[in-house]
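Subject: Structure for your review

Dear colleague,

I am handing over the structure below, and my notes on what was found in it follow. Please read them with the structure open beside you.

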Amino acid sequence: MGWVVFAHLVKILVENKIKISQKSIALAPKNVDLEHSAAIPQVANTSLLALRNIASLRKGHNLLINGASGGVATTALQNASIYEAETSAVTSYRNIDWIRE
């Protein structure tokens, strides 16, 4: 068996074989099933577009993320750190240690 990968496709295709750029694929995490792995690119893209295109996030901006342990919010925290924004996160008590990482 080869590598298990997922990709972000712009168009919905119903094909047995497709050709895509190597930049569009990533290894699927071993600790996440393929169905959930397949959602990762869309989740990350959603947070990136919201922070970059809608919020115009820049270095030093303050950002409050509500529900910080959810998929889009988790990637928003990661994307905000790339922009060097000051972040505050709201999450449930049981997820505090995980969010602090």
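Asn45 has its place in helix α2 (residues 40–54), where helices (H or I, at least four residues) and strands (E, at least two) are DSSP runs, numbered from the N terminus. Asn45 is partly exposed, with a relative accessible area of 27%; on this scale buried means under 20%, exposed over 50% and partly exposed in between, with a 1.4 Å probe and protein chains only. Between the C-alpha atoms of Asn45 and Ala76, which are 31 residues apart along the chain, the separation is 9.5 Å.

Please keep in mind that this is a predicted model, in which local features need pLDDT of at least 70 and side-chain atom pairs count only at pLDDT 80 or more, while totals for chains, interfaces and linings use all residues. Residues are numbered from 1 along each chain as its sequence is written, and side-chain values use heavy atoms, with hydrogens and water left out.

Turning to the strands, β3 (residues 62–66) has a covered face made by Leu63 and Ile65, and an uncovered one made by Asn62, Leu64 and Asn66. In a regular strand the side chains alternate between the two faces of the sheet. β3 pairs in the parallel sense with β4 (residues 86–90) over 5 bridges, where pairing requires that DSSP finds at least two bridges between the strands, and Ile65 stands opposite Ala89 in β4. Together with helix α3 (residues 71–82), β3 and β4 make a right-handed β-α-β unit, right-handed meaning that, with the strands pointing away from the viewer, the path from the first strand over the helix to the second runs clockwise.

The largest pocket holds about 270 Å³ of space. A pocket here is an open set of points on a 1 Å grid over the protein atoms alone, where a 1.4 Å probe fits, with protein on both sides within 12 Å along at least five of seven lines, and lining residues have an atom within 4 Å of a point. Helix α3 gives the most to this lining, with 5 residues, and the lining of the largest pocket divides into 3 nonpolar, 6 polar and 2 charged residues. Ala, Val, Leu, Ile, Met, Phe, Trp, Tyr, Cys and Pro count as nonpolar, Asp, Glu, Lys and Arg as charged, and the others, Gly among them, as polar.

The second largest pocket, with about 180 Å³ of space, is lined by Val32, His36, Ala39, Ile40, Val43, Gly71 and Thr75.

Best regards

Technical notes
Grid points are joined across faces, edges and corners, and a volume is the space filled by probe spheres set on the points.
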